[in-house]
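Hi everyone, and thanks for coming.

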Amino acid sequence: CCSRKGSAAFLFLLISFSNSLFNYSFNMNKSEQQVFKRFNKGCVDYRLLEDGDRILIALSGGKDSLELVRMLAQRARIYKPHIEVEAAHIIMDNIPYETDRSYLQEFCREQGVRLHILHSSFDESTDPRKTRCFLCAWNRRKTLFEFAVNNGFNKIALGHHMDDILVTFLMNITFEGSASTMLPSLRLKHYPLTIIRPLCLVHEKDIRKVAEEMQFTKQKALCP
């Protein structure tokens, strides 16, 4: 009897999940359907989402991170696995890199995702051996990781897609002789966090098409 009830409950959840995906994808155009299909495949194949996850999305303001917000926001509306999703946008106070903050706030509000605006900076004179780009990236990630830990998140979602992963692999082979690249899921050693890349199977060209069709607003100033 218990076994039958358990099987029935599992079947109900499976049907509910399938119906949710079908109803959502039914209203998509071809490009959106392709992104959504490969996004879900990546999440399932690499077991990126688990019941009870609290996920912080690193929102740079580019097309990839905006689409990641859309995809995870939709995924959070599905009953199982139950996940919570929020986003963080980091402003480096000493770098002339600017995004339309009001647009990001409105975009996240429409998706039902809470957005945190974080500030950070660095002193280039502390280590002249490091480039400005290295120090900026290192401090962005440190700020993001510490905020995630202090606010109860267990996963951080990054917007790297399949093209990023393949290019990184080729660069590592060419310049370092190492057959390595970014992983879909990576447990950090020094923080109680897991990095996930839900767009790992999505092609950039499909994200670009969606961004054009939905008229994503580009950042005001590119990174110097």
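Let me start with a term we'll need: a salt bridge here is a side-chain nitrogen of Lys or Arg within 4 Å of a carboxyl oxygen of Asp or Glu. Please keep in mind that this is a predicted model.

With that term in hand, take Arg 54 and Glu 84. These two form a salt bridge, and their closest N and O atoms are 3.1 Å apart. The pair ties together distant parts of the chain, with Arg 54 in strand E1 and Glu 84 in strand E2, which covers residues 83–92; the two are 30 residues apart. Glu 84 is partly exposed, at 40% relative accessibility.

Glu 50 belongs to the loop between helix H2 (30–45) and strand E1 (53–58), while Lys 155 is in strand E4 (residues 155–157), 105 residues apart.

Are these three residues buried or exposed? Lys 155 counts as buried because its relative accessibility, 4%, is under the 20% cut-off. Asp 53 is buried too, at 3%. Glu 50, on the other hand, is partly exposed, with a relative accessible area of 46%.

There is also a group to point out: Lys 63, Asp 64, Glu 204 and Arg 208 are joined in a network of salt bridges.

The largest pocket has a volume of about 870 Å³. Its lining is made up of 26 residues, and those nearest the centre are Ser 60, Tyr 97, Arg 140, Arg 141 and His 160. Helix H3 (63–76), strand E2 and helix H5 (132–150) are the elements that each give two or more residues to this lining.

Which element gives the largest share of the lining? That is H5, with seven residues.

As for the kinds of residue around the largest pocket, 14 are nonpolar, seven are polar and five are charged.

Methods. Residues are numbered from 1 along each chain as its sequence is written. This is a predicted model: local features need pLDDT of at least 70, side-chain atom pairs count only at pLDDT 80 or more; totals for chains, interfaces and linings use all residues. Side-chain values use heavy atoms; hydrogens and water are left out. Helices (H or I, at least four residues) and strands (E, at least two) are DSSP runs, numbered from the N terminus. Buried means under 20% relative accessible area, exposed over 50%, partly exposed in between (1.4 Å probe, protein chains only). On a 1 Å grid over the protein atoms alone, a cavity is a set of points where a 1.4 Å probe fits but cannot get out, and a pocket is an open set with protein on both sides within 12 Å along at least five of seven lines; lining residues have an atom within 4 Å of a point. Grid points are joined across faces, edges and corners, and a volume is the space filled by probe spheres set on the points. Ala, Val, Leu, Ile, Met, Phe, Trp, Tyr, Cys and Pro count as nonpolar, Asp, Glu, Lys and Arg as charged, and the others, Gly among them, as polar.
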